[in-house]
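Here are my notes on this one, point by point. Have the structure open while you read.

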Amino acid sequence: MHLAYPAVLSALLFCTGLYGVLARRNAILVLMSVELMLNAVNLNLVAFDVWLSRTAEETLHSGQALTLFTIAIAAAEIGIGLAIVLAVYRNRGTSDIDKLRDTAEGHEPDGPDSDATGREAPAPRAAGEKAEATA
Amino acid sequence: MTTTTLAVLVPLLPFLGALAGLLLGRTAPGFVRPLAVLPTLTSLALAATVAWRQGGDQAVDAATELTPTGSVPIELALHIDGFAALTAVLVTVVAGCVQIYSTGYLRDDPRYPSYAALVSLFTSAMLLVVYSGDLMVLLVGWEVMGICSYFLVGHYWETPEARAASLKAFLVTKLGDVPFLIGLFALATEAGSFRITRILGAVANGGIEHPTLIALLLLAGVAGKSAQFPLHTWLPDAMAGPTPVSALIHAATMVAAGVYFIARLLPLFEASQAAMVVLAVMAAVTMAGSALAALAQDDIKRVLAYSTIGQLGYMTGALAVADRGAAVFHLLSHGAFKALLFLAAGVIIHAAGTNSLAAMTRMGHLRDRVPDAYWTMTVALLALAAIPPFSGFFSKEAVLGVAEHVVTGHTEHAPAAAGWIVLLAGLVMALLTAAYAMRLWLLAFRGYGTEAPDHGRQPLTMTMVLWVLAVPSLALGGFAFRVLPDWFDGHDLTPTLTTSVLGTGVALVGGIITYATWRHTTAHAAARVPLGAVAAHPEGDAGLVEAEAIATHEPAYGDIAYAPDPSDPGRLLLGPLHRHAAAGFHLDAVYTTLFVRPVRAGASLVRFLDREVVETYVRGAGTLPRWLGAAVRRAQTGNLQTYVSALLAGTVVLAVAVVLVATGA
């Protein structure tokens, strides 16, 4: 098999993932897109390992070994990522990353938080109502 | 033990006593009194032994160099001649009396342990000054005395008067100490040593190139310490301290340190005619001004303070005519009778509940309440006024006699101008001294009106030392003027006929005039003008009564030194001068205008420059980074996808750049 096929496939996968990361709003879909990108890289690793070992006299297939590591780490990463998303959703009532702007400059601890809860879930605190009124 | 060992122990014992007193003051209050009194009394015995062994013969010299300094060496040196031996005895006698007196005077004072320790430390420092043969070591004692004086004047730091007075005493004496230090360095550089004996040797060989400059610099420190014009203003205010402190530090010993210092280095001062004339003028102004001011003071202790300044003027006058024997003779007798005057004044203040002479003169039978103070104070005042045969007569006549010698040209050591200045000022001073001594005695003991309050007998510790000190006040002069020349330079100290008649004559005139004036004014005014400020807690210990008396004087009379009392003979005698004399000839106001206000104006200018000018530049420098920061912060939107987009864009740009570079485009 020519190297171009897996290379083009992995490029397509990577671009799809990149588009998902940049364009999707739901955090779970963003995580899935990250998985796509990772797997594009895995595909590249395997394909280039095969292509390179074809000419070499002796090889350790280190590209394929590295892919196994990447898969294992990706599994752990997605587990933690999903757990975080779940926790955020439980706390804020949303997993929409446009609304999770706690690191913004000039952010007040309660502002976006209560803003978010105010729109999509019943306000847990009086402060939430006030924030909604002012917004 | 050798004389040197004994002499080392003399300053060391009170120092150890002070250390132990400071350490044990809280944990073992029972030891405080013995620790205060016993080391001082032991040192008295040792100082007497040293004086006995030294006996006015060859000076005892001992020195040990601690460590090489690379330039002028500093040595732990003793130099005990007749002057040092006798002055040390005086210091220990007065210090012992004051320590015993303080146990009664401050018996309920919660700060007594630290007070007693500081008095011990002071005693030790003064003895160090007296015995030291090295000017740097002398300076250590000199400065320790200054700081002890600061703490002790501020003993009643609850009152604003005491706080202000302690600061003033410290700053004014430091003002003199700075030129003093420079003078010491200049002297040591030219003489190549800090040792007094070597310096005097260099002076004798003509090794000092700038004697006038050095002498004037040293004179500044002496004027500060010995309260001579123009640096005397701290001493009257220092009376805000407890009476025993006034007796020890501000009458008998510390203020005499300056005189003693000149006495030690007199050949250096003699080398400069200008310095001797300056010294004489300083002494004359001090004598005349202080005696007039003493005549107008209302506070009994301030009268004594101005009197101390004047008597120190006599001593510097004697030094100005190059006779240290007469100066130290007057120092010894003055130390005894002035300490007695102060301690007796403390008893009177306790008994009367006020420090105001105007209030005392409206109390009948005050002298019956304090018979010990009455009799001893009479003796001391007679000594102060130089009435024969009391001790003050002999020492004062010694000074006047020497001045007369100089005037008639019997000596080449001092310029005749200095002799004239000292002689005339001394005679005026004799008149005024008798006048204010008489006024003090009449106002304090011859008052009539309501009976003085009866607080029972004064503590034995307080009255006993009065009699101890009354002995030298009465008899020291008469015995000493024959013996002392052997201890001192060998100059004759016998009173000469002319000056004795003149001096005693003007003293009698002064006393009689004051008495006549007093008869006149009292008959007219005293009964009709009620006046009085009496302390609120007559049952408290004497220190408390005195602190309250000082604190109430200003609210009661509107001034700390002045009382509107028409029956005061001083008012009639001084006439229009009275108001100015009571305020110390407004010297404090002059100093405020000349020094305090410019310094304050300078300080506010500096504050303005710092706040408004320097800080503006600092703020301006900070503004640009602040703006940049604000601009950069706008990029922080909190949107994760924006960040990733920026990351991607950056990566693409870098990749394109790498490709372009790699292909060589």
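1. One definition before the rest: two residues are in contact here if their C-beta atoms, placed from the backbone, lie within 7 Å. With that in hand, look at how helix 11 of chain B meets helix 15 of chain B: Ala256(B), Val259(B), Tyr260(B) and Ala263(B) from helix 11 touch Arg324(B), Ala327(B), Val328(B), Leu331(B) and Gly335(B) from helix 15. By class, that contact has seven nonpolar, one polar and one charged residues. Keep in mind that this is a predicted model.

2. Now the geometry of that pair. Helix 11 (residues 254-264) of chain B packs on helix 15 of chain B at an angle of about 160°, the axes being 10 Å apart. Since angles over 145 degrees count as such, helix 11 of chain B is therefore roughly antiparallel to helix 15 of chain B. Their crossing is left-handed.

3. Helix 15 of chain B has another partner worth a look, helix 21 (residues 460-487) of chain B: the two axes come within 9 Å and cross at roughly 165°. So helix 15 of chain B runs roughly antiparallel to helix 21 of chain B. The crossing of helix 15 of chain B and helix 21 of chain B is left-handed. As for the residues in this contact, I have 19 nonpolar, five polar and no charged.

4. If you set aside its neighbours within four places in sequence, Ala339(B) is in contact with Val94(B), Cys97(B), Ala247(B), Leu248(B), Ala251(B), Ala252(B) and Leu469(B).

5. Gly206(B) sits between helix 7 (196-204) and helix 8 (211-225) of chain B. Is Gly206(B) buried or exposed? Gly206(B) is exposed, because 9 other C-beta atoms lie within 10 Å, and the cut-off for exposed is 12 or fewer. The C-alpha atoms of Gly206(B) and Ala191(B) are separated by 9.9 Å, with the two residues 15 apart along the chain.

6. On to chain A. Its secondary structure comes to five helices and zero strands, so to speak α-α-α-α-α from the N terminus on. Of the 135 residues of chain A, 14% count as buried. Among chain A contacts between residues at least 6 apart in sequence, 42% join residues at least 24 apart.

7. Within chain A, helix 2 (residues 27-55) and helix 3 (residues 62-92) pack at an angle of about 175°, with axes 9 Å apart. That makes helix 2 of chain A roughly antiparallel to helix 3 of chain A. Among the residues making the contact are Leu31(A), Leu38(A), Leu45(A) and Phe48(A) of helix 2 of chain A, and Ile71(A), Ala74(A), Ile78(A) and Leu82(A) of helix 3 of chain A. By class, this contact has 13 nonpolar, six polar and two charged residues.

8. Last, where the chains meet. How many residues of chain A are in contact with chain B? There are 11 of them, and they touch 11 residues of chain B. The chain A side divides into five nonpolar, two polar and four charged residues.

Key
Residues numbered from 1 in each chain as written. Chains lettered and ligands numbered in written order. Predicted model: local features only at pLDDT ≥ 70, side-chain atom pairs only at ≥ 80, totals over all residues. Axes fitted to C-alpha atoms, helices over the stretch in contact; angles between N-to-C directions. Helix = DSSP H or I, 4+ residues; strand = E, 2+ residues; numbered from the N terminus. Parallel < 35°, antiparallel > 145°, perpendicular 65-115°, else oblique. Left-handed = near helix turned anticlockwise from the far one by under 90°. Nonpolar A, V, L, I, M, F, W, Y, C, P; charged D, E, K, R; others polar. Buried ≥ 20, exposed ≤ 12 C-beta atoms within 10 Å, placed from the backbone.
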